[in-house]
Each structure stands twice: as structure tokens, then as C-alpha cells.
Amino acid sequence: MAAEPTGSRIAVAGPAAVAVIALLALAASVTSLGNGFAYDDVHIIVNNPHVHSLAQPWHRFAEQYWPPEVGVGLYRPVTILLYAMQWAAQGGQPLAFHLVSVLLYACVAILVLLVARRLLPAPAAFAAAAIWAVHPVHVEAVANVVGQSEIVTALWMLLAVLLYLRAREVGPLGVRQEIAISGLYLLACLSKEHGLVLPALLLAFEFTVLKRQPFTAGLRRFYLQLALIGIAFFAVRTTVLGALAGDLPPYWMTGISTGQRWLTMLAIVPDWIRLLCWPAHLQADYGPRELELATVFGPGQILGLVLLASLAILALVVRRSQPVITVGLAWTAIALLPTSNLLLPTGIALAERTLFLPSVGICMVFGAVVAYALARRWRIVPIALWAVVVAGLIWSGWRQPVWKDNPTLFHQMTLDAPLSYRAHWGYGSMLFDKGDKDQGFRELQIAHSLYDRDSGLLLEMARDLRNAGRCQGAVPLYRQAIAVTPSDELRWGTRTMLILCLLDLRDFPAAKAEARRGQQAQLMASQFRNLERYADSLATAGTAKP
């Protein structure tokens, strides 16, 4: 049975428990120390000049997270400043970044223990924190450097929750607690956008484990203060990014209706639950054709809806007898909301790193179940718990080096997610960089066969063919890229390359037709007029060389 959240019955976790949880977290993550930079690390850290200098650090608060040339925008100035400090500490070597990630991970695991100890008896709180410390779904957040935004944001938020619970267990918040929690809230928002949900998490505690404490006028004023901080953050973020959402939706979800987006995400609910409760299989990419765009209500949506409804009913039914289960489920749902694509389109449909904070709630639920079982003297519980912890420790430790570098990662992605076109695309690009062009192009062809509507993939394949003197194969790819590209601003460069390929093939009528289509778009019209004249001159001269 869950402990009452009162100061008289709750003691802080002992030093031995803290030490064991920290060691479990370190053991589960230490194998990441040999990793380099991989995936988004390359754009956000290696190729980002904002990370390479600590000069004029206040400028980071007026700049977006991604380098402007990448074309997507997020706002995480505190995270960028942390990256810059780590870059300066060791001259841009990856070891400094990975060491910080591992140490921060251990700190967050300790905070999970301290928060759990205010909600559960000591053995159950330890169980919740131990499972969290070795949870394999955390590997991406720890092993990939840019996952630090998840870790740091969780650190600020858990500190705020801990301060809040300690104060509210005995009465109203004091001025110092209000200032500290407000400051941590601002830091969380400036580290990653999902820090915005902290007030909702605190309210979840108010209406479950803290419901016996009066909700005073001072507390209402405090929540108004948090709301103003959130609004101010959003206003600054929107000003810097020039848009409310900032990030781009997944390419395969661009242009779909809100209803289709919700249907797609509803089918992902079972994946969330599987990864949080049984992460036996992990993968670095979840997209076509591992995930599919949903346009109608089908079996996947039915399963997702049944699971959501069942968990909601469970949370309501046990809210009096097992309030920790209720608050744990509420935590998970609230923490998932920013990346759920329900309110606004986000840059992903599903990523394991985004389950870092939601997993705290699920582990609280596990802790409550352990407390229930221990109260009934189920002897199998300690054995089962340590079996789960050891399995998680082994799986997490083995999985960390998958993120060593891009060749390692993308090769493993093709094994973990063989239906992911992005896995084969990334691996094919890596093979090209290593000089294995034949195998690289075969991987790109596999990617194209899995998903043929990503203009970036089509352009890369066409470029490789054109560079190899095979414009005959590049032309249909350029045409297809134009067809799936959503705007003239993005089409003109592709159309230019198509015209040059057609000139190489001496197909002057087709080249002139494409040049006229480019003029009709009224973007770079003068360039396309020049290309049309050039095609005319080549046709007249009878030469195939541009």
C-alpha cells in the first residue's frame, strides 16, 4: 500500500540506497563513454558554430537550436550553452559530452528515488528508482549527445517536483520555494519545450497524493505565476523562431489533416506502452514503413483507444486506494503530451528519447505495485525485481555503443528496423562516404522501394546517378522529386538539375518544356529563361555538351 504523503511518515532515502541507484545508473550507461558524435549530434554540435564558442553567451537566447541552414527551428538556449561549455572543456572531443550525459543520468536517477520516497515505502521507492535507472528506453537519450536536452530538462523538473512535495506535505509554499520552483520551471522550458508541462505535473500531485492539503489563494497565485512564465517563454520562443510550432512535422505527415494525425498517433499508443513496460526491442527510427500514416479508423486505432480507455479507467478506479498509480499514469500522459502530435504537429511521430520523462510515471506505477505485493508478503517480488534490474542493466549496457557513430548506428538501424526507409537511406549514404558506391546505391534503392515520397532521398539518388554519368536514371527521380515537393521555393533547384540532365541527354524539347514550367512558377524566372535560350542554342548548334 502506498505511504501517506505526510512529513511524519516519510523519511528521505538513505545514503546506501542513493549510492546503489547511482551505481546502477552509471553501470547501465558507462558503455556510452566510447561513443563519438552520431545522427543529430553532427548538425547540432559538430557543425554548429553557436556551440563552438562561449563568447557573448546571451546571444544564445536570441538564436534557434538547430543551425539555420538545416531549415528547422527549436528554441533551447540553456541546452546550447551547456553544449558550448562541454565543447570548451575538451576542445570539442566527444568524451566530455558523454561523460556529462552519464553523470547527469545518475543525478536524475537519484532524484527519481527521492521523489518516489515521498510517495512510497522505502523498498517500493527503491524498486521504482532501480527499474528507472536501468530502463533500456533511456539509451538513446544517454548515448546520443543531443539527448542531453531530455536529461537536463528532467533534472530541473524533478528538482521542482521534489521541492514542491516537500513543502506541500506540511502546508503552503513559502516564498523561497515559489522562487526556486519558478526558476527551475524557466530553466526546464529553456532546456527543452516539454518543460512547459511542469505545472500540470504539480497539479496531478495536488489532486491525488496531496488532496488533503488545502488549495489556498496563495497557491492559486503561484500557479498564475507559473502560467505567466510559460506564456512569456512561448512569446520569446515565437519571436525568435518566427512561428508558434517552430519544428517541422515528420516528412511523411506533412500536409495531412488533424484527424489523420490523430488517427496515426492513436495507432502508436501500443508502441508507447510496449517501450515503457517491455523494451525488449529498440530501434533508432520509427517511420515509414515501420509506422504508417493512418487515414481511416481501423484495428490499430481500436487497440490504441482501448488501451487509453483502460488506463484512464484504472487511474480513476484506484485514485483513492492507490493514488500513486493514478499520479504515475497522469505523469506519463502529461509528459507524453508535448510530442504526441495531438495539440500541434511536432518533428517526430515516435522516438525513444521522448519517453525519458514519461518513464518516471510508469516506474512510479511499478513501485506502487511492488508496495502492494510486499504488503501481502509475496516472496517472489524481490527475486523478480532483481531479475528485471539485471536484465535491464545488461540490455542497456549492450545497447549504448550502437550510437558510437553514424556507420555503426545506420547499419544497426537496418537490422532493428528493416522496414524503415530512413535506416536504409542513412546506411546507403554512409557506404557512399566510405567509397562503396555500388552497395550504397543498392541501400538507397531499398529505401526508395519502401517509401518514394521523400524528396531528399529522391534528390540524393538522382545526384549520385548524375555524378556517375547516368542521367537516364536520374531524370525520372528528378521528376518524382518535383511532384512530391510542396512549394515552388523548393522545386526550382530540382527543376534546374532536371534541365541540366535533359541537356546532357540531348533531349532539348523536354529541357525547354521544363524551363517554361519554371518560368510559369514566377520564381527564378530569369534563370529559367536563360536555360530555355541555352537549350535553343544547343539544339541549333547540334551539340550535346552544355
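Biologist: Which residues of α16 are buried?

Modeller: This is a predicted model, and in it the buried residues of α16 are Val381, Leu385, Val389, Gly392, Ser396, Gly397 and Arg399. Looking down the axis of α16, these buried residues fall within an arc of 160°, so they line one face of the helix.

Biologist: And what do they pack against?

Modeller: The buried residues of α16 pack against α1 (15–29), α5 (122–133), α6 (139–143), α15 (358–375) and α17 (406–416), while the face turned away from that buried side carries the exposed residues Ile380, Ile383 and Ile394.

Biologist: How far apart are the end C-alpha atoms of α16?

Modeller: They are 28 Å apart, which agrees with the 28 Å that the 20 residues of α16 (residues 380–399) should span at 1.5 Å a residue.

Biologist: Now α14: how many of its residues are buried?

Modeller: Helix α14 is mostly covered, with 12 of its 14 residues buried, and among them are Pro323, Trp331 and Leu336. The cover over the buried residues of α14 includes α7 (148–168), α9 (198–206), α12 (269–277), α13 (299–317) and α15.

Biologist: Switching to the surface, which residues make the nonpolar patch of about 560 Å²?

Modeller: That patch is made by Leu244, Trp262, Leu337, Leu342, Leu343 and Leu344. Leucine 244 sits in the loop between α10 (217–241) and α11 (258–266), and at 48% relative accessibility leucine 244 counts as partly exposed.

Biologist: On to charges, then. How many salt bridges does the structure hold?

Modeller: The structure holds 18 salt bridges. In one of them aspartate 504 pairs with arginine 466, the closest N and O atoms being 4.0 Å apart. Aspartate 504 lies in helix α22 (residues 488–504) and arginine 466 in helix α20 (residues 455–467), so the pair ties together parts that are 38 residues apart in sequence.

Biologist: Are arginine 495 and glutamate 514 buried or exposed?

Modeller: Both arginine 495 and glutamate 514 are buried, and their side chains meet in a salt bridge at 2.7 Å, N to O. Arginine 495 lies in helix α22 and glutamate 514 in helix α23 (residues 508–520), so this pair ties together parts that are 19 residues apart in sequence.

Biologist: Which residues are linked in a network of salt bridges?

Modeller: The residues linked in such a network are Arg479, Arg495, Glu514 and Arg517.

Key:
Residues are numbered from 1 along each chain as its sequence is written. This is a predicted model: local features need pLDDT of at least 70, side-chain atom pairs count only at pLDDT 80 or more; totals for chains, interfaces and linings use all residues. Side-chain values use heavy atoms; hydrogens and water are left out. Helices (H or I, at least four residues) and strands (E, at least two) are DSSP runs, numbered from the N terminus. The expected span of a helix is 1.5 Å times one less than its number of residues. Buried means under 20% relative accessible area, exposed over 50%, partly exposed in between (1.4 Å probe, protein chains only). The arc is that of the directions from the helix axis to the C-beta atoms. Contact means heavy atoms within 4.5 Å. Patches are made of residues with over 30% relative accessible area and no salt bridge: like charges are joined within 9 Å, nonpolar side chains (Val, Leu, Ile, Met, Phe, Trp, Tyr) within 5 Å. Accessible areas come from the Shrake-Rupley method with a 1.4 Å probe; for residues, only the protein chains shown count as cover.
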